Amino acid sequence: MTLALEVQGLCKSFGGLPVTSEVSLAVEPGERRLIIGPNGAGKTTLFNLIAGDLTADAGSIKLFGSEVIHLRTDQRAQQGMARTFQIITLFPKDTLAHNVVLSLLGRSPARWNALKPQSSRRDLYEQAREVLARIGLGDLADRPLSQVSYGEKRRVEIAMALAQQPRLLLLDEPLAGLSMEERKTVQALLADIPRDITLVMIEHDMDTSLALAERITLLHYGKVIVEGTRAEVVAHPRTQEIYLGT
Amino acid sequence: MKRASFVIFLAVLLVLPWLGGDYYINLGSQILIAALFALSLNLLVGYAGLTSLGHAAYLGVSAYVSGWLFLKLGWGHAMTAPAALLLTTLMAALFGLIALRASGIGFLMITLALGQVLWGLAFRWVTITNGDNGLSGLTRPAPFGINLDGASAFYIFTAIVFALSLICIVLFANSSFGAVLRGTRDQPRRMLALGHNVWLVRYLTFIVAGFWAAAAGLLYVYYHKFIHPHALGLTNSAETLLMVIAGGSGTLAGPIVGAAIVVLLKNYVSAFIERWTMLLGFVFLMIVMFMPDGLVPGLQRIWTRLTGDKAKSQELA
């Protein structure tokens with residue numbers, strides 16, 4: 001069976017500082033993978049390498065068996081890779097629906113149409129409304145994004161990624177900065193994501209984290225330290241050492 | 001509502017200059033030419049978020065090509081116009097490859113440098129451009145045998161070309177491509193992650209902006225029947241950027257209003273006040289202080305505030 005995501009020997013240095021060294025990952029299709037690690041472990045750098053925002057110094061990244069390391073970020077997105085950002089990266093002046101439409105346009109040839117008015121693309125806005133309704137933001141579809149709460153913006157981030165019906169979804173700290181209430185909503189939302197989408201999530205630590213993760217990878221100083229099931233990783237002495245400093 | 005205001009605008013366009021003499025009609029032509037040029041720059045500045053200080057290069061090269069082909073090779077206007085548009089657009093395609101290696105200040109500096117290189121060439125390559133004397137002895141075209149040498153005839157011609165260009169630019173800005181373009185302006189990184197080829201979107205816009213600047217260049221050379229290196233220079237680029245910013249970049253009406261203000265100050269007010277540039281600076285300062293996003297968005301905000309639509313004015317603020 002081909003792996004959803006196969007990373008081998010991935011390296012990246014900023015100047016003399018290696019931030020990702022010899023990282024290898026193997027994620028099965030449909031898997032829910034959690035990547036944890038303390039501050040500065042290189043989690044977001046790893047995501048940026050996988051998504052293509054950073055160029056790797058060495059290594060290979062395979063998406064469902066095909067090499068994507070030489071592809072640009074947008075080309076990887078066309079191959080079915082979607083991501084959310086740790087720092088909310090949305091379009092504050094536009095409505096929620098328009099935000100999602102920009103995501104839908106990313107995978108539609110209509111994005112090159114320079115003659116047909118965008119406002120006449122009812123189909124796209126209908127589709128965006130459906131996506132928003134699915135995550136419980138249907139009522140806010142016509143609100144400018146700047147007028148909704150932080151937790152709702154986090155959900156729009158996820159909605160934009162889901163709208164593309166990706167094969168692999170990278171979630172960069174989807175729970176960061178949320179209240180307990182909002183946390184539950186987003187966790188339920190993530191649990192509802194269908195199995196044909198493979199999930200790779202970054203979180204800061206495990207307590208807050210996502211019960212839905214099946215396998216956990218612990219990253220420290222740019223290296224994979226432990227990988228295994230939740231129980232295995234929690235019990236591992238190196239995990240204790242890194243997190244508790246004993 | 002939008003369509004109605006567009007029709008009113010066209011009606012004003014056709015009626016207004018006839019209230020005065022030839023002087024005002026010519027002023028009207030100048031405003032429309034400057035407005036088309038500013039609209040083309042606005043595609044970069046307002047919609048792509050790429051501030052260029054070398055846009056006069058496209059207006060100037062188009063004008064020079066048209067004039068040179070007429071004077072040196074004796075081509076007719078039916079030939080020179082498409083040739084000038086094509087060559088200038090190709091030049092934009094080449095310059096875009098260089099300039100779009102950067103964005104922000106880097107982009108601004110590269111466009112400035114490319115513009116100044118052409119300005120220097122126009123000044124020094126005397127055998128082709130006639131240097132500081134410029135190319136003179138040019139003529140206006142006579143479409144369908146209609147003589148355009150009169151002020152009114154040329155104004156109508158300019159207004160028709162302007163209206164057609166404006167329709168094309170409005171279509172472009174409001175299209176799906178236009179929506180994507182604004183997305184690349186606001187969040188390029190997000191757009192990449194969504195699968196949009198940000199570079200290509202910008203590059204295509206750069207070429208389109210070059211094309212409309214070339215169209216403005218043709219009108220410019222027809223109006224003046226003369227072309228001088230000044231048309232390619234930094235002053236012209238900067239003045240046009242001023243029109244876009246003062247009127248409101250990223251709006252369709254903004255560059256037109258900005259062009260009207262600058263051209264009126266330059267031509268009309270300079271007849272009474274010698275230091276018209278000082279007045280221009282003062283007007284610009286006022287706009288930047290009180291309506292930092294430009295005159296058109298600023299006035300829209302005041303309008304919604306006056307009409308008492310509180311919810312809407314909050315939305316705009």
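In which sense do β9(A) and strand β10 (residues 223-229) of chain A pair, and over how many bridges?

Reply: They pair in the antiparallel sense, over six bridges. (Strands count as paired if DSSP finds at least two bridges between them; strands are DSSP E runs of at least two residues and helices H or I runs of at least four, numbered from the N terminus.) One thing before we go on: the model is predicted, so local features need pLDDT of at least 70 and side-chain atom pairs 80 or more, while totals for chains, interfaces and linings use all residues. Residues are numbered from 1 along each chain as its sequence is written, and chains are lettered from A and ligands numbered from 1 in the order in which they are written.

Back to the hairpin. If you want a spot to look at, R215(A) has T229(A), in β10(A), as its bridge partner. Two residues sit between the strands, and in this hairpin Y221(A) has a positive phi near 45°. β9(A), which covers residues 215-220, also pairs with strand β3 (residues 32-36) of chain A, this time in the parallel sense and over four bridges. Here I36(A) stands opposite L218(A) of β9(A).

Elsewhere in chain A you'll find an open sheet of four strands, ordered β2-β1-β4-β5, with antiparallel pairing. Its edges are β2 (17-27) and β5 (66-67) of chain A, each with a single partner strand, so one side of each has no neighbour in the sheet. Strand β1 (residues 5-14) and strand β4 (residues 58-63) of chain A are joined by five bridges, and Q8(A) has S60(A) of β4(A) as its bridge partner. Across β1, β2 and β4 of chain A lies helix α1 (residues 43-51) of chain A, at about 65° to β2(A). (That angle is between N-to-C directions, on a scale from 0 to 180 degrees, of lines fitted to C-alpha atoms, for helices over the stretch in contact.)

Chain B has 15 helices and zero strands. Its C-alpha atoms fill a box of roughly 60 × 50 × 40 Å along the principal axes. Of its 317 residues, 48% are buried, meaning 20 or more other C-beta atoms, placed from the backbone, within 10 Å of a residue's own; 12 or fewer is exposed, and in between is partly exposed. L13(B), in helix α1 (residues 2-15) of chain B, counts as buried because it has 20 such neighbours. The C-alpha atoms of L13(B) and A159(B) are separated by 7.4 Å, although the two are 146 residues apart along the chain.

After α11(B) comes G248(B), with a positive phi near 125°.

Methods:
Two residues are in contact if their C-beta atoms, placed from the backbone, lie within 7 Å.
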